[in-house]
Amino acid sequence: MKTLKILTGVVIVALIIVFATGSIEFGEDRENFYADDPKQDREYSDDQSEKQAPPKVNEVLESSDPEVESDFGYSIGDKAANFRLQNVDDEYVSLSDYPDAKGFIVIFTTNHCPYSVAYEDRINNLDKKYASQGFPVIAINPNNPQAYPEDSFENMKIRAKEKGFTFPYLFDKGQVVYPKYGATKTPHVFLLEKKEADHIVKYIGAIDDNYKNSDKVKNHFVEEAVDALLAGEEIKTKTTVAIGCSIKK
């Protein structure tokens, strides 16, 4: 009888252990099924980051119009691509930010180039004269700052403040815009006329014919071209050779 009681007790204890173990395992299974899995979260986050990549901010804004294309730069009459580039005030600027503009004086220029420096005051004067008439200056630094640290974004801010630039001075980070336009020098001007949603290239080349001395300029190419557009007349000189520094890649 005593032996039977001992065996019964052993069996009861064994059953309790088995039941307890099963409950723990079942509880763990439930926990794994419902709780957040850190690995799964990480993988999901990675997937989401790929699907929701931040929008590009320095870029050529591609058009659905097949004519707005350029692998080798623009010619007179071409439709120029819009762009979105960072300004020295840290804001991003595109041509579509100027709904009332009649066109744009797009000038590729830099800090370090002596030709660009020689033209800085004249570029300021172009913006002061023509921005209020619908043709603001949009200056773009196309240089790789690794090639010329003086042309870095931080140094652009300093230069713009020193010279009191009245126009946006944009940084072509990654050098995505200047090849589209076909700029090769600094300074290099592309005068655009706005026709509804298009920006038509109307003049390409130099600002004037004397980078050394503004008092000895005989032909003010950009001014004459903008004046012609404002008057509804044909531009007499549509292309000139841009004299300046080569763009640094």
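A disulfide is a pair of cysteine sulfur atoms within 2.5 Å. A search of the whole structure finds 1 disulfide. This is a predicted model, in which local features need pLDDT of at least 70, side-chain atom pairs count only at pLDDT 80 or more, and totals for chains, interfaces and linings use all residues. Residues are numbered from 1 along each chain as its sequence is written, and side-chain values use heavy atoms, with hydrogens and water left out.

**Overall**

- The chain has 6 helices and 10 strands; these are DSSP runs numbered from the N terminus, helices being H or I of at least four residues and strands E of at least two.
- Buried residues make up 41% of the 249 residues. Buried means under 20% relative accessible area, exposed over 50%, and partly exposed in between, with a 1.4 Å probe and protein chains only.
- Among contacts (heavy atoms within 4.5 Å) between residues at least 6 apart in sequence, 74% join residues at least 24 apart.
- The chain exposes about 14800 Å², and carbon and sulfur atoms supply 53% of it. Accessible areas come from the Shrake-Rupley method with a 1.4 Å probe; for residues, only the protein chains shown count as cover.

**Disulfide**

- Cys113 and Cys245 form the disulfide, with sulfur atoms 2.1 Å apart.
- Cys113 sits in the loop between β4 (103–108) and α3 (114–130), and Cys245 in strand β10 (residues 245–246), so the bond ties together parts 132 residues apart in sequence.
- The torsion about the S-S bond of Cys113 and Cys245 is about 85°, so the disulfide is right-handed.
- Both Cys113 and Cys245 are buried.

**Strand β8 and its partners**

- Strand β8 (residues 188–195) is mostly covered, with 6 of its 8 residues buried.
- β4 and β8 run antiparallel and are joined by 6 bridges. Two strands pair if DSSP finds at least two bridges between them.
- β8 also runs antiparallel to strand β9 (residues 198–205), with 7 bridges between them.
- Leu191 in β8 is the bridge partner of Ile105. Leu191 also stands opposite Tyr203 in β9.
- The hairpin of β8 and β9 has 2 residues between the strands, and Glu196 there takes a positive phi near 55°.

**Helix α6**

- In helix α6 (residues 221–231), the buried residues are Phe221, Val222, Ala225, Val226, Ala228 and Leu229.
- These residues cover an arc of only 155° around the axis, which puts them on the same side of α6. The arc is that of the directions from the helix axis to the C-beta atoms.
- Cover for the buried residues of α6 includes β4, α3, β8 and β9.

**Salt bridges**

- The structure holds 11 salt bridges, each a side-chain nitrogen of Lys or Arg within 4 Å of a carboxyl oxygen of Asp or Glu.
- Arg159 pairs with Glu120, their closest N and O atoms being 2.6 Å apart. Arg159 lies in helix α4 (residues 153–163) and Glu120 in helix α3, so the pair ties together parts 39 residues apart in sequence. Glu120 is buried, with a relative accessible area of 4%.
- Glu193 and Lys202 meet in a salt bridge at 3.7 Å, N to O. Glu193 is buried at 13% relative accessibility, whereas Lys202 is partly exposed at 25%.
- Glu234 forms a salt bridge with Lys238, the closest N and O atoms being 2.4 Å apart. Glu234 is exposed at 58% relative accessibility, and Lys238 is partly exposed at 30%.
- Salt bridges that share partners join Asp90, Glu154 and Lys157 into one network.
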